[in-house]
Amino acid sequence: MNINDILSVENLTMRFGGIVAVNDLSFTAERGKITALIGPNGAGKTTVFNCITGFYKPTSGTIRLRNGDDEWRLEKLNDFRISKIAKVARTFQNIRLFPGMTALENLMVAQHNTLMRASGFTFLGLFGVPSYRAAEKAAIDLARYWLDQIDLLERADDAAGNLPYGDQRRLEIARAMCTEPALLCLDEPAAGLNARESAALNELLLKIRADHGTSILLIEHDMSVVMEISDHINVLDYGVQIADGTPQEIRDNPKVIAAYLGADEEEAIAVMEGET
Amino acid sequence: MAANASQAKTARGPDAAFILKKAVISALVALVLFSLMIGIRTEAGSDGQLTWWTRFGDLAAMVAVVFGGSIVMELLRRWWGPVDTVRVVPPSAQKVFSFAGRALVPALLIFTFLVPVIFYDERYILDLGILVLTYVMLGWGLNVVVGLAGLLDLGYVAFYAVGAYSYALLATNFGLSFWICLPLAGILAAFFGVLLGFPVLRLRGDYLAIVTLAFGEIIRLVIINWQTLTGGPNGVSGIPRPTMFGIPLTPGDDGLAALLGIEFSPTHRIVFLFYLILALALLTNWVTIRLRRLPIGRAWEALREDEVACRALGINTTTTKLTAFATGAMFGGFAGAFFATRQGFISPESFTFHESALVLAIVVLGGMGSQLGVALAALAMIGGFELFRGLEQFRMLVFGGAMVLLMIWRPRGLIGHRAPTVFLERNTVISSDLVKEGHG
């Protein structure tokens, strides 16, 4: 594992019965960079994500995460510990907000572990000790900061389920950021967004990387997002890596073009040029 | 939405036609259905032959009831209707409603405090008040598990039983006082809550409901069969009555009445019990309201909304579920200890599935997660049930009818909306169709 890498996936294999979703996959994600994971539908991208974030236990292989001096073996940790201790946050392909809670409450839930400690595991908080009140105020301020970053400050007190689709996508990213992660895993954050919203998303992700130094791992089909903001791209097909490199290298890689749209290269090139 | 409202206003004429049409169709269906069921009466004659006669008067009455009822229903729907219909309540009426809504909680609270004063001489009302408050407390306790954490618990009576037997056995065997036993009963019930919590952690929805149902039955069966400890079906009798912090409420020289220099009356104890259960219920309410605004309460509600997202945010769903079970069970245990000291005698018959179902019905009808809704539902279910006692066998009919109406107008319970636990600028309630019920 390179010293600059935050995440290193080594020989990852995931089988569901007879189906091999991910086969002996190895890749790394560099610290403070945006790494993209692309590939046709069914290539195993989300499975890789679920292995990294602990929702699946991989059949074999190791997933190392290095954060400062600490190194975690993610395949051995429970899902909630991966977020709590190893500081890996994620979003979901089909948005998973808490629809009956307000935008602000969603961001407060994300700070559960910090607030739980501050409330003396509820016992002190029940009597409203000053230290807990201060911690709660700090949590609200952090939530306010992120609501401001995603331009949703005005709708802080509206139910998350009432927000427009694009806002829900951004709120889910803000919620993940409220756990103060070292690595942020985004599963198709631009799905269902229009061109203007995608551009705003690009800006937000670049800002997260610049201001907070958070490393980002990204699954995306929208090439206008992937090609524009990724520092490094890994291409998956049928659970194996078929290419990796900078956006320019990927764009010109004939293997990738073939995988994406069969043999029809012209159409594939059109996709890679970002005309979707 | 605005377009819909204006449409409804301008379309008054066709609206009336629609209501009428609906009523006519309902009446026709009723006519077809009832023409044979009610219109013709058949009976076996004296020689076994068939005799029959017509009852067109009854038939006409039934059809008229359906016709009128359909119009009234449709008009009522437009007034308070379900959330998706356009409401045509006039603004003045809306103002009255909103004022009434705000004044309801303080008014109810003051009235409850004054009940023993107003009805001092009416033992029946005081007893009923104590019963209602016991169910309010049980409802609030179960509300933590079902309403906040979204875990369907059909065996809540188990914790009520554990609390009652804890107090009964500790008091009769070791002579411990009520005020020492009360926290012990709570702790023991919470312990049993965790005990139940562990095996059901992986279960959801229907499966969770079945296992909790079984747990309630297991506790009851253990109580029945462990005769050496619990006295089996004979129950435990001679449970000490509560004392007012050591001062007994008896006619003796050391009793409260003698100390205060007033004449002894058995009503003193009833009044004391009334305020005791009121205090316990308000404690439950206060703790629940506080917990909702603490991280643990938000985690419970988040768990109800989406468990997978909770785990992705680093929330330990295991401990979160267990604390919900334990907290709910603890309040059930308190209520059980109170029940034991009030009755002076307990037996397994008091802790059947019927009680669990009743408390769950109170929570669901009141609106899951709503403290006021649960209190109102307990009042309606327990108090209302007693109110219709004079109607004999018809009270079940009234009860069933009321439930059907509630399901039509308020499918999410009396108070289905949710108040946010924290806000920046506006404290707006969240509509009930966004709030999830949880799935285990």
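B:Val117 lies in helix H4 of chain B, helices here being DSSP runs (H or I) of at least four residues, numbered from the N terminus. In this predicted model, where local features need pLDDT of at least 70, side-chain atom pairs count only at pLDDT 80 or more, while totals for chains, interfaces and linings use all residues.

Helix H4 (residues 91-118) of chain B supplies the largest share of the patch, seven residues.

## The interface with chain A

Where chain B meets chain A, 36 residues of chain B are in contact with 45 residues of chain A, contact meaning heavy atoms within 4.5 Å. The area buried between them is about 3400 Å², with carbon and sulfur atoms giving 65%; buried area is the accessible area (1.4 Å probe) that two parts lose on being put together, summed over both.

## Salt bridges

Four salt bridges are counted between chain B and chain A, each a side-chain nitrogen of Lys or Arg within 4 Å of a carboxyl oxygen of Asp or Glu. B:Arg418 forms a salt bridge with A:Glu105, and their closest N and O atoms are 2.7 Å apart. Side-chain values use heavy atoms, leaving out hydrogens and water.

Conventions. Residues are numbered from 1 along each chain as its sequence is written. Chains are lettered from A and ligands numbered from 1 in the order in which they are written. Helices (H or I, at least four residues) and strands (E, at least two) are DSSP runs, numbered from the N terminus.
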